Amino acid sequence: MSADLDQLENQSIYILREAYNRIDKLAMLWSIGKDSNALLWLCRKAFFGRIPFPVVQLDTAMELPEVYEFRDRITKEWDLDLKVEQCPPEEEMDQTLPPLTRAAARKTEGLKNLLRDHAYQGVMVGIRRDEQATRAKERVFSPRSLEGDWDVKDQPAEFWDHYKTRFPEGVHVRIHPLLAWTELDIWRYSQREGIPIVPLYFARDGKRYRSLGEKNITFPVDSTASTIDEIIAELQVTRIPERAGRAMDNESEDSFERLRSVGYM
Amino acid sequence: MPHSQLRIVIVGHVDHGKSTLIGRLLNDTGSLPDGKVEQVREMSRKRGMPFEWAFVMDALQAERDQGITIDTTQIHFKTKQRPYVIIDAPGHTEFLKNMVTGASQADAALLVIDADEGALEQSRRHAFLLHLLGVRQVAVVVNKMDKVEFSSRRYEAVAQEIKDYLAELGLQPKAVIPVSARNGDNIVSRSEQSEWYLGPTVIEQLDAFRPQQTSPDQPLRFPLQDVYKPDDRRILAGRIESGRLRVGDTLHFSPTGASARVVSIEAWNHPETVLSAQAGQSIGITLDKRIFAERGHIAHHQADAPVLAHRLSVRLFWLVSDPLVVGKTYTLKIATGEHRVTVEQVTAVIDVEDLSSTPGKAVRRNEVAEVVLRSRSPIALDLASELPRTGRGALIDGNDVVGGCLVVEIEDAAAANITEVSHTVSLEERAQSNGHKGGIVWLTGLSGAGKSTLAMALERALFDRGWQTFVLDGDNVRNGLNAGLGFSADDRAENIRRVAETAKLFADAGMVVIASLISPLKSDRARARVIGGERFHEVHVAANLATCEERDPKGLYRKARAGEIAEFTGISAPYEAPDQPELVIDTDALSRSEALARLLDYVDETLGKNSLKSGKELTYVI
């Protein structure tokens, strides 16, 4: 029984189609993690096999080798229109940020460059509400200024699946089709659909990546789950937060909020 | 354990303890991640505050610093029975649009009321909005019982008051639960301090709520989102909002009236052929015929069609500081269809305190009201009480969603036409015979902007093409029809009203009326638009004041400057330029012939031969 997954899938497809119809120039961010892989899969369902917009990786050259290998294989197999955006170096980041947060901020700057250079009006991002408390406050269609600033205190009203799809010049919109999914939903869906997964998520020598990020700021957590079944069983009992292995989240009380308010995903 | 989540929104007045209740629920059900309580203890310590459960929910620095919830948030937790999503909605009036955002997604609601303070304004407003938003399962939590020493009398008083209020909205709370969120009484376990209370604990009540069900037995409504051509297939994509469709069904499309049979339900990576689909599913279909169908059209079966309406009453909530005003035009979005609607009347502004209502001219931020809307083109819709998903919508002004509404009464367009047009010659027949539609081209602008010149040139050009047309000039009508009127504010408004009514008669007779009046006030033009309805076309003939004054064809500016004319528009009285006219003709930038060409193009497109056809085929390519 997975009627709940059907419901989530139908809702995400609805959002994807709204975005594609309403937003002129659209791209999807692909981090190669489990969530954005599921999002790619949903795009293929929504548009009957072919994804009608480019898929962008914000690359810091710090991903693990398995990630690059997976990216290249899937790009070819799924015939993706992949664009790789190289992120600027850490020295150019806001030096008042704590060091690990600074490393994460590189992606924000990479995204800004991407938006500026290609004039995208909308980017789809596979974030979820249950990952992190500030993400829990997100809208499905979330407007940002040109600098990427997120005005969390004045977000648009969003009800009955009516999303904000009109914007003044210079504003872009983040579209979050997976907002209502949980980590467990993503794994159950990946299992049901047979969505390919980067092998780093499966435990080796008592450790696995629960959340996949760059090698300098993400660490594997203790686990023996080496199959999707075992991961699902693990998640049903764990009390360790998903992003525990993400160094930048835990550097200071508001490090993640600061990252997000200036444009982090 | 089932995976299907129940979505619960927690609402209530600011400071009545919503976030605290959630923090307590999470903690007492063992749903907080390791380390979270220590983290919150540390946050409280840093701010020199006692331990605050609310910090578990309030994620933003500003929320923790001010001790209030600003934006809605969601958090997951489980009971033994099932998983939940808890939606925290801010209680502060200022953040009502965030409350609406949160509550609209819920299956059920907990309304939190302070035992000491009782139901306050936002408690009532939230209850009212829950009702509007379609949340029908509500339980009341009487919080801070520790402050009133768990007095059963106090509890009874608060409970009775809110039950009476909810009853007037047609809501009956499933339970009214006395709790102390701070201390954990009656949240997960039964409190010894309230032995007089025999009802459920908060957790027991949550488990007793039922998920919202959609029945596939309702009439089919399949609003189109888009049309895709991934290959040689032409796929109509959308989500079924109610009912069910099957391969082989004949579908009818509103408002076009087109029909075709369903050949297939398309699916990607789905080995079995799909033969039917029902409410909630995002699907794509192919048809046996190439009909004109696009986003916003609603597919349905021949029996049980939606109503086609030009005029509808809605109950609405308003979210922005710019008030809704009579005469103003907004976009009404129902399912995926967008329609221009003009506010004809504010029938009632509802006072949420005592539910009394008064007619008005405007609806202000956070108010709820009943309003009559008129649309230029027919809208396919349903009554919210029958099919909520195609009977409710969002109102959009410019770039923003500014309010939401439920359709409570519909004037059926077909029925309305029979009573309105008792003529044996119909509007359509006149249009077919003339080769163009009737309409009102309303030219507004400063004196000297070029209205009269343009009006006369347009009349000539249309007449030469064989059109039925006539100019109503502001100065000319004052010699006859409006000879008795002076120049006071009331008389000017009446002058415009009469011109609009006259223009409407001409337009009904099939003519293109060109009304040329300064008509400086938005309110007067808005009234003219309501009179003219969908046949009214506002054209702003724009020019700089300096240009107009230089042209001064009638020598009026000179006199006004000399003080010989009082309240002359542009000099001593304001000109309110239209916000969203159908057309702007800038006579500063355009030559006389360019201006005429542009105006002719517009009239041709909206009233000419092509506008008489039902629609043209468009192609969509991915």
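This is a predicted model: local features need pLDDT of at least 70, side-chain atom pairs count only at pLDDT 80 or more; totals for chains, interfaces and linings use all residues.
Local features were taken only at pLDDT of at least 70 and side-chain atom pairs only at pLDDT 80 or more, whereas totals for chains, interfaces and linings use all residues. Residues are numbered from 1 along each chain as its sequence is written, with chains lettered from A and ligands numbered from 1 in the order in which they are written.

We may begin with the domains of chain B. An automatic or database domain assignment gives domain 1 (6–208), domain 2 (222–300), domain 3 (310–419) and domain 4 (427–611) of chain B. The centres of domain 1 and domain 3 of chain B, taken over C-alpha atoms, are separated by 31 Å. Twelve residues from domain 1 of chain B and eleven residues from domain 3 of chain B make the contact, where contact requires C-beta atoms, placed from the backbone, to lie within 7 Å. On the domain 1 side, α5 (121–133) of chain B gives the largest share, six residues. By class, that side holds five nonpolar, two polar and five charged residues; Ala, Val, Leu, Ile, Met, Phe, Trp, Tyr, Cys and Pro count as nonpolar, Asp, Glu, Lys and Arg as charged, and the others, Gly among them, as polar.

Turning to the chain interface, 46 residues of chain B are in contact with 43 residues of chain A. The largest share of the chain B side, four residues, comes from β2(B). This side of chain B has 18 nonpolar, 18 polar and ten charged residues.

Within chain B, helix α12 (residues 489–508) packs against helix α13 (residues 522–532) at an angle of about 25°, with axes 9 Å apart. Helices here are DSSP runs (H or I, at least four residues) and strands likewise (E, at least two), numbered from the N terminus. The axes are lines fitted to C-alpha atoms, for helices over the stretch in contact, with angles from 0 to 180 degrees between N-to-C directions. The contact of α12(B) with α13(B) has seven nonpolar, one polar and five charged residues.

Finally, six strands of chain A form an open sheet of mixed pairing, in the order β3-β2-β1-β4-β6-β5; strands pair if DSSP finds at least two bridges between them. β3 (82–86) and β5 (141–144) of chain A stand at the edges with a single partner strand each, so one side of each is left without a neighbour in the sheet. Strand β2 (residues 55–59) of chain A runs parallel to β3(A), joined by five bridges. Asp59(A) has Gln86(A) as its bridge partner in β3(A).

Conventions. Two residues are in contact if their C-beta atoms, placed from the backbone, lie within 7 Å.
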